[in-house]
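I opened my notebook to look up a few things in this structure. Come along and check them with me.

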Amino acid sequence: METLLETTGVAGIQPDLMDRMRRGGEILRTESAGKRLRRVRKLREAIKIHKELLYEAFAEDLGKSRESVDLSELLPVALEIDHALQHARSWIRGRRVAGPLPFRGTRCEIRVEPKGVALIISAWNYPFVLT
């Protein structure tokens, strides 16, 4: 497998971080869709459970009020999670497509497969909603 990101000597990145993330990606890649959706539901529950801690962190770090955190951080994430849970089955399902002329009479389909690790870079002033 080709290494796309060199992690040695990069300030702020632990040398084994990308390796650990790739191993985790391999595990996720083999999980069923149902198990991955359960992880998303657990994330939604964790946000609800730790809401007070999130309020405190945003107040301390960014001076945001509870209302501001709800409107600019928590609500958009909750809506995205709900949207993903509602539509995930149709996103995951394979789609039949027409094949090229030489392959008439065969079945062609597009299958969606998890790929693994992604680097997400986010704005500092919306740290929750954008990551």
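I began with contacts (heavy atoms within 4.5 Å). Of those in the protein chain between residues at least 6 apart in sequence, 49% join residues at least 24 apart.

A note on the source: this is a predicted model, where local features need pLDDT of at least 70, side-chain atom pairs count only at pLDDT 80 or more, and totals for chains, interfaces and linings use all residues. Residues are numbered from 1 along each chain as its sequence is written, and side-chain values use heavy atoms, with hydrogens and water left out.

Next I looked up the elements, which are DSSP runs numbered from the N terminus: helices (H or I, at least four residues) and strands (E, at least two). I found four helices and two strands in the protein chain, in the order α-α-α-α-β-β from the N terminus on.

Then I turned to burial, where buried means under 20% relative accessible area (1.4 Å probe, protein chains only). Of the 131 residues in the protein chain, 17% are buried.

Which loop holds Glu31? I found Glu31 between helix H1 (17-30) and helix H2 (33-49). Glu31 counts as buried because its relative accessibility is 9%. Leaving out residues up to four places away in sequence, Glu31 touches Arg36 and Arg39.

Note on methods:
Buried means under 20% relative accessible area, exposed over 50%, partly exposed in between (1.4 Å probe, protein chains only).
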